[in-house]
Amino acid sequence: MATAERFDAIVIGGGPAGYTGAIRLAQLGQRTLCVEKEDLGGVCLNWGCIPSKALIDTAHMNHKLKDLEAVGLVGMGAPRVEVAKLQAWKNSIVKKLVSGVGSLLKSNGASTVFGTARITGPNSVSVALREGGEKQYEAKAIVIATGSSTIGLPSLPFDGRTIVGAREAVSLDAIPKRLLVLGGGVIGLELGSMYQNFGAQVTVVEALPQLLTGVDKDCVAVAQRSLAKRGMTILVNHKAMGHERTKTGIAVKVVDDKGVASTIEVDVVLVAIGMAPNSKGLGLETVGITPDAKGFIATNEVGRTNVPSIYAVGDVSGAPLLAHKAFKEAVVTAEVIAGHRSAKDWKTIPAAVFTDPEIAYAGLTEEEAVRKGREVKVGRMPFAASGRAMAMRETEGFVKTVMDKSTHEILGVHIVGPRASDMISEAALGIEMGAFAEDIALTIHPHPTLGEAMMISSEHALGQATDILNR
Amino acid sequence: MATAERFDAIVIGGGPAGYTGAIRLAQLGQRTLCVEKEDLGGVCLNWGCIPSKALIDTAHMNHKLKDLEAVGLVGMGAPRVEVAKLQAWKNSIVKKLVSGVGSLLKSNGASTVFGTARITGPNSVSVALREGGEKQYEAKAIVIATGSSTIGLPSLPFDGRTIVGAREAVSLDAIPKRLLVLGGGVIGLELGSMYQNFGAQVTVVEALPQLLTGVDKDCVAVAQRSLAKRGMTILVNHKAMGHERTKTGIAVKVVDDKGVASTIEVDVVLVAIGMAPNSKGLGLETVGITPDAKGFIATNEVGRTNVPSIYAVGDVSGAPLLAHKAFKEAVVTAEVIAGHRSAKDWKTIPAAVFTDPEIAYAGLTEEEAVRKGREVKVGRMPFAASGRAMAMRETEGFVKTVMDKSTHEILGVHIVGPRASDMISEAALGIEMGAFAEDIALTIHPHPTLGEAMMISSEHALGQATDILNR
Amino acid sequence: AAAGGLATGYFNDKPLATPATRKLARDNNVDLRSVPPTGPQGRTTKADVETFLRSPAPVAPAA
Ligand SMILES: Cc1cc2nc3c(=O)[nH]c(=O)nc-3n(C[C@H](O)[C@H](O)[C@H](O)COP(=O)(O)OP(=O)(O)OC[C@H]3O[C@@H](n4cnc5c(N)ncnc54)[C@H](O)[C@@H]3O)c2cc1C
Ligand SMILES: Cc1cc2nc3c(=O)[nH]c(=O)nc-3n(C[C@H](O)[C@H](O)[C@H](O)COP(=O)(O)OP(=O)(O)OC[C@H]3O[C@@H](n4cnc5c(N)ncnc54)[C@H](O)[C@@H]3O)c2cc1C
């Protein structure tokens with residue numbers, strides 16, 4: 001104990017939750033240590049959000065090239081995907097951002113140590129250093145930001161090449177000819193859509209009756225139709241039961257909800273059935289923190305666990321497992337540790353699904369609103385009526401506005417279509433600010449932009465659109 | 001007079017202001033006539049906003065193709081621009097939207113007549129029908145929505161092929177090898193940037209010392225640097241003095257502010273020095289309306305002129321000459337005529353400049369805010385630090401937030417960079433709702449999106465960014 | 001005055017107040033339900049919280 005180095009706060013994990021928390025703590029004058037066992041940036045920077053989006057954007061371009069002939073850019077021929085080059089470029093982005101995190105920690109005054117941390121008491125942490133040896137630390141506050149890891153399937157064990165998780169899937173060394181994606185959630189569909197845009201024949205198998213459970217059904221329907229039109233086979237109510245190596249690939253046995261079995265032969269299987277929190281081996285039992293059945297650590301509105309000096313933020317503290325939720329939770333907890341009166345009092349955690357077309361949403365779905373006892377009215381603006389969408393040749397989808405029927409308060413906005421992920425910010429701000437449909441409808445939106453669709457969707461809910469028929 | 005057909009309202013002009021006003025009037029139960037002398041949709045749909053953006057988007061794609069090799073989409077070769085195909089596609093969009101306007105007028109119950117209208121009294125209009133003959137109409141209210149037209153230069157008279165205005169410039173039958181753009185305002189730079197992305201060698205000549213006067217100087221500097229980097233020659237403080245036909249093109253004489261003359265030889269000259277309101281020949285003198293020196297018709301906060309039964313909306317009623325200003329003015333005036341208490345009470349008319357990179361802004365510039373006596377603080381988030389921008393390979397530019405130093409009220413947001421035109425909507429909503437920088441900073445923005453740059457720019461203004469250094 | 005005498009704002013899961021207003025209230029340990037709203041449709045504004053903070057503490061009703 002005499003040899004333990006002392007800090008105001010120790011953050012375990014250097015992902016979005018960890019590095020953000022450490023930076024904010026340091027900014028607020030707390031002597032802070034960030035412990036990371038692999039690479040700064042966590043899942044998000046190293047093999048999640050950023051690498052996937054770099055590949056997805058390039059794949060989207062690859063797809064868009066196909067219709068350029070029709071608009072007069074002719075004689076190009078289809079490109080070949082040189083995966084080594086693609087990966088090198090993607091890795092250069094990751095490298096830049098990861099090293100950026102390192103400098104931000106440093107320039108804000110936080111210390112970093114590489115190693116695996118274990119909690120040994122309410123105020124003490126032991127780190128098995130990457131460079132060898134063990135080191136003890138003490139702090140007034142400990143922030144657990146250990147994130148989550150890919151869940152595997154016993155019947156389809158990872159081999160790093162042909163049966164893979166998301167981590168390997170963003171570091172492909174070739175575009176598989178035939179890809180099977182197990183899991184029709186966000187990660188499975190994003191990566192499946194990406195491979196499809198790079199030319200793979202993709203099959204998605206989902207155990208539940210719907211893809212993207214919880215997401216607005218009309219949005220999912222549009223995306224699903226579009227993915228299918230481009231050749232994706234989508235099997236809902238199906239489960240993978242096992243596999244066999246064949247001369248020509250992997251034969252995966254799937255069974256539907258009526259027990260009917262069939263076999264799908266592919267070259268690569270991507271298992272994307274979910275992420276599990278990294279709460280094991282952390283020494284939680286020594287301080288009396290008991291994760292829930294799924295392994296998540298329960299916290300209150302400032303991120304505090306049942307042990308007053310220990311906090312948990314990001315994926316390890318529960319759904320939604322999203323980087324932007326991690327960022328904001330980390331800031332709140334950092335501020336609270338530094339003595340400020342912050343709290344997780346947001347109204348909405350928006351989400352974006354980077355399929356092609358994209359889906360993004362903020363606030364409640366129609367069903368959720370009704371379940372909460374709201375009487376709702378819905379407005380809708382299809383991109384097929386947007387001049388800007390036509391100019392971009394991306395007219396699939398719509399903006400859907402769910403408002404309270406009597407007060408006109410915006411309860412939710414659901415977008416499927418081009419740049420949905422960028423457009424949703426306005427809806428998130430509106431919902432946080434308690435906007436009424438009139439607030440969005442009366443705000444002048446520049447012409448011709450996709451943002452106008454947000455305005456027109458609100459006008460439509462109010463029955464006063466001039467660009468489309470008010471039903 | 002006995003033969004005059006009677007309406008509640010007559011709208012002169014079928015452009016953005018006119019068709020929107022007529023549709024809203026009809027929705028509110030007013031018997032409405034819309035008079036158009038050329039095509040429904042006005043400048044905006046037929047040769048302004050929409051056609052230009054269709055070409056600009058395609059040109060942007062043409063430019064983006066160049067760096068696809070670097071990210072692994074290899075072996076394509078540069079495309080040839082087949083202008084006939086490009087034009088046919090663009091025209092198909094125009095046709096669809098123009099016919100859409102026709103059906104919206106009809107299905108909302110407004111009548112349309114094609115012909116040139118002249119005001120003959122406070123409640124009467126005479127129309128020289130396109131099909132021949134003259135017809136008289138009477139109405140309780142008359143709405144002037146006659147828009148604006150290209151200004152020409154006596155020293156460079158339009159010939160429809162080599163010396164052209166914007167109208168011809170969006171209907172090119174070939175990409176000029178060398179293009180001279182007179183006027184470094186929005187239209188000149190948008191079309192100049194478009195031609196440059198299609199491969200033209202472009203020179204822009206601007207009489208004033210700055211391009212895009214009135215736009216945030218830092219934004220203009222980024223766009224200007226980028227345009228120049230791609231090969232554009234930009235001559236500020238220069239005026240065109242005349243031209244001469246040569247064997248190989250048109251030699252245009254330009255003179256700088258010190259009187260130094262030079263000659264630029266090009267194939268096509270685009271005169272884009274401004275638009276003049278269509279207020280002549282309308283019969284305004286017969287009712288006692290006198291346009292200002294530039295020809296604009298003065299109106300009050302509901303769009304009413306000095307004659308109580310006559311209103312003016314859109315370009316003809318003054319700056320800014322923007323379609324979205326026209327839309328909202330038309331709605332206000334229509335509602336007022338129908339007996340509602342609407343008014344032009346917006347705080348900001350945002351604007352988008354579709355150069356490559358785009359510029360968009362809402363609210364006040366730093367200088368304007370200071371001139372209004374505000375003490376300001378500025379936050380800035382460069383796209384070079386955005387993972388999403390890196391994934392798109394478009395890292396030029398920034399989001400700049402101007403807030404009141406003591407209250408933190410958002411006074412203005414200025415964006416230069418990818419999709420600026422779509423991102424600005426959030427800022428416009430924020431400004432209308434009286435947002436403080438905390439409102440935008442505390443709203444969760446999904447990761448990784450360009451919209452996050454808006455949030456981080458606000459955090460930066462507050463000195464609490466975690467993704468970039470707080471200066 | 002009793003709580004009943006205060007105008008209560010529009011309040012569902014959250015008060016009808018923007019993040020900046022909610023932060024100001026939180027920073028000053030004010031329950032937004034007790035701040036009389038002046039904004040449209042019962043919106044509690046930042047100015048409402050500032051006014052509330054300047055006003056003398058309400059006298060506790062006699063038990
Ligand atoms: C393919 C994919 C795509 C995704 N795309 C998106 C997206 O577009 N948008 C979005 O919002 N989210 C996305 N996510 C989710 C996002 O990556 C996570 O929500 C985010 O990374 C969570 O951050 P975190 O800091 O909580 O955890 P993590 O990112 O998991 O970071 C935890 C860190 O803690 C370290 N660590 C763990 N245990 C210890 C220990 N004992 N000692 C020291 N260090 C330890 C780990 O090495 C890791 O670096 C995606 C995820 C995947 C897999
Ligand atoms: C190249 C270019 C690009 C542009 N891009 C954008 C952009 O991206 N975003 C933006 O917001 N704005 C843009 N603008 C500006 C935009 O086009 C105008 O602000 C908008 O069209 C104004 O609408 P309006 O209805 O007032 O007038 P107009 O569109 O000019 O319509 C007026 C209509 O009235 C008719 N008319 C005139 N006189 C009579 C008469 N006596 N009788 C009957 N009919 C008559 C005309 O034929 C015309 O159809 C652009 C303009 C140009 C030239």
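The shell around ligand 1 comprises 18 nonpolar, 14 polar and six charged residues, where Ala, Val, Leu, Ile, Met, Phe, Trp, Tyr, Cys and Pro count as nonpolar, Asp, Glu, Lys and Arg as charged, and the others, Gly among them, as polar. The structure is a predicted model, in which local features need pLDDT of at least 70 and side-chain atom pairs count only at pLDDT 80 or more, while totals for chains, interfaces and linings use all residues. Residues are numbered from 1 along each chain as its sequence is written, chains are lettered from A and ligands numbered from 1 in the order in which they are written, and side-chain values use heavy atoms, with hydrogens and water left out.

Of the 38 residues around ligand 1, those that come nearest are A:Glu36, A:Lys53, A:Asp315, A:Ala323 and B:His447; a residue is near a molecule if one of its heavy atoms lies within 4 Å of it. The site is shared between chains, because residues from chains A and B surround ligand 1. Helix H1 (16–27), strand E2 (32–36), helix H2 (42–46), helix H3 (49–64), strand E5 (111–121) and helix H9 (323–337) of chain A each contribute at least two residues to this shell. Helices (H or I, at least four residues) and strands (E, at least two) are DSSP runs, numbered from the N terminus. Polar backbone atoms also approach the ligand: that of A:Ala17 is 2.9 Å from an oxygen atom of ligand 1, and that of A:Lys37 is 3.2 Å from a nitrogen atom of ligand 1. For A:Cys44, a polar backbone atom is 3.3 Å from an oxygen atom of ligand 1. The protein buries 95% of the 990 Å² that ligand 1 exposes when taken alone; accessible areas come from the Shrake-Rupley method with a 1.4 Å probe, and for residues only the protein chains shown count as cover.

Ligand 2 is surrounded by 39 residues, of which A:His447, B:Glu36, B:Lys53, B:Asp315 and B:Ala323 are the closest. Chains A and B both supply residues around ligand 2, so this site too is shared between chains. A nitrogen atom of ligand 2 is 2.7 Å from a polar backbone atom of A:His447, and a backbone N or O atom of B:Ala117 lies 2.9 Å from a nitrogen atom of ligand 2. Taken alone, ligand 2 exposes 1,000 Å², and the protein buries 95% of that. Its shell contains 19 nonpolar, 14 polar and six charged residues.

Between chain A and chain B, 93 residues of chain A are in contact with 92 residues of chain B, contact meaning heavy atoms within 4.5 Å. The two chains bury about 7,800 Å² between them, 66% of it on carbon and sulfur atoms; buried area is the accessible area (1.4 Å probe) that two parts lose on being put together, summed over both. Ten salt bridges are counted between chain A and chain B, each being a side-chain nitrogen of Lys or Arg within 4 Å of a carboxyl oxygen of Asp or Glu. One of them joins B:Arg388 and A:Asp57 (3.7 Å, N to O).

The contact between chain B and chain C takes seven residues from chain B and six residues from chain C. About 550 Å² is buried there, with carbon and sulfur atoms giving 66%. B:Phe436, B:Asp439 and B:Leu442 supply 62% of the area that chain B buries against chain C, more than any other three residues. Zero salt bridges are counted between chain B and chain C.

Methods
Polar contact = N/O pair within 3.5 Å; in protein donor to acceptor, adjacent residues only side chain to side chain.
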